[in-house]
Amino acid sequence: LRMKLIVLLSFLTLCVAQHHDHDSQDDMDIFDMLEEKMDAGIDWMVEMVKEHFLSEDGTSFKPEITGMLVVAEPQICPVESNDCPPEESWLLGCNCRKQFRALGECKKMPCQVFRHLRDNGPDALNRFVNSESYEERFNIVTEYIVNPISRALCECPGMIGASINCVRRYDGALFEMTGMDRTGFDNVVSAIDWKSLKAIFLNYIKAGCGEKNGKDCVTELSKMYALFGTVMDNTFNGEDVCLSMIRMEDQLMKFAKVVVDRPDATDLQDHGQQVRGRLC
């Protein structure tokens, strides 16, 4: 919840900053701005899915997507072997295969996740395209992406370190085959604090896996993610209820304006505490 609040405050601040450059802040409705930005993002995703991913009737992937998945499958689900044939390693590289091979039975998990996304992709995307509320959209993303990946990482946390090493020491042939310059990729890789990033993911897994008081943590966290969609719907519909941001509108606006006007740390802390106080 704290992370979602941080993301929300950042997004609201960007909205206010953009409006600040063009209009008077006195006529701003912060939730209208937020809804406008979020709806624009959803509309863009829906059009992209329709144009590039789903067939006309929405029941399958477009042929070009299906073709890409066919090409990718042997790279992600290679034949069991200690060798590293070039035709089976150009996408992820031999180092990556070695990293996952060392995970024992967990080496099969990326393939399982890939096939889940492939087999359930058309239905999930079609539901997303036709959804009419943020609650529906958050539920779909949670069910199709968040839950399967969370459970895979809970079962095989070693995939985090293996995946990081795949990126840090990438030796596949993707850049050579596509003719893309890998300089930008290498610059990003060298700029990331991988040790800290790994610690963040491992701590997330530690907190979000297993059971607590007889309840499955992945399931309970998934309910929280979906609930955030309910908060968005209630807020945009102007419903002043517990699961809504309506009652902290003034505090959010003050916080965003303070950030835009470059305050000192004390101002930010004071307004941040006011926002938190309205949540209770």
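Colleague: Let's start with one residue. Which helix does Glu 64 lie in?

Modeller: Glu 64 lies in helix H3. Keep in mind that this is a predicted model.

Colleague: How should I read its accessibility: buried, partly exposed or exposed?

Modeller: Relative accessible area sorts residues into classes, with buried under 20% and exposed over 50%. Glu 64 has a relative accessible area of 47%, so this residue is partly exposed.

Colleague: Let's step back to the whole protein. How many helices and strands are there?

Modeller: The protein has 13 helices and 2 strands. It holds 280 residues, and 37% of them count as buried. The accessible surface comes to about 17,000 Å², with 56% of that belonging to carbon and sulfur atoms.

Colleague: What share of the contacts join residues at least 24 apart?

Modeller: Take the contacts between residues at least 6 apart in sequence: 61% of these join residues at least 24 apart.

Colleague: How do I read the largest nonpolar core, and which residues touch the most other members?

Modeller: The general idea is that nonpolar side chains tend to be buried together in soluble globular proteins. In this model the largest nonpolar core has 30 residues, and those touching the most other members are Met 38, Tyr 134, Met 232, Phe 236, Met 245 and Leu 252. Two or more residues each come from helices H2 (30-53), H3 (63-76), H5 (109-130), H6 (134-155) and H11 (217-236). H2 gives the largest share, 8 residues. Another core, of 17 residues, lies apart from it, and includes Met 109, Val 113, Ile 160 and Ile 205.

Colleague: Which residues does Ala 152 touch?

Modeller: Leaving out residues up to four places away in sequence, Ala 152 touches Met 109, Val 113 and Met 159. Ala 152 is found in helix H6, and its relative accessibility is 3%, so this alanine counts as buried. Gln 112 is 40 residues from Ala 152 in sequence and 8.9 Å away in space, C-alpha to C-alpha.

Colleague: Now a helix pair. At what angle do H4 and H7 pack?

Modeller: Helix H4 (residues 94-101) and helix H7 (residues 158-168) pack at about 170°, with their axes 9 Å apart. Angles over 145 degrees count as roughly antiparallel, so H4 and H7 are roughly antiparallel to each other. On the H4 side, the contact is made by Asn 95, Cys 96, Gln 99 and Phe 100, while H7 brings Met 159, Ala 162, Ser 163, Asn 165 and Cys 166. By class, the contact has 5 nonpolar, 4 polar and no charged residues.

Colleague: Is Asn 213 buried or exposed?

Modeller: At 74% relative accessibility, Asn 213 counts as exposed.

Key: Residues are numbered from 1 along each chain as its sequence is written. This is a predicted model: local features need pLDDT of at least 70, side-chain atom pairs count only at pLDDT 80 or more; totals for chains, interfaces and linings use all residues. Side-chain values use heavy atoms; hydrogens and water are left out. Helices (H or I, at least four residues) and strands (E, at least two) are DSSP runs, numbered from the N terminus. Buried means under 20% relative accessible area, exposed over 50%, partly exposed in between (1.4 Å probe, protein chains only). Contact means heavy atoms within 4.5 Å. Accessible areas come from the Shrake-Rupley method with a 1.4 Å probe; for residues, only the protein chains shown count as cover. A nonpolar core is a set of buried Ala, Val, Leu, Ile, Met, Phe, Trp, Tyr and Cys residues joined through side-chain atoms within 4.5 Å. Axes are lines fitted to C-alpha atoms, for helices over the stretch in contact, and angles run from 0 to 180 degrees between N-to-C directions. Angles under 35 degrees count as roughly parallel, over 145 as roughly antiparallel, 65 to 115 as roughly perpendicular and the rest as oblique. Ala, Val, Leu, Ile, Met, Phe, Trp, Tyr, Cys and Pro count as nonpolar, Asp, Glu, Lys and Arg as charged, and the others, Gly among them, as polar.
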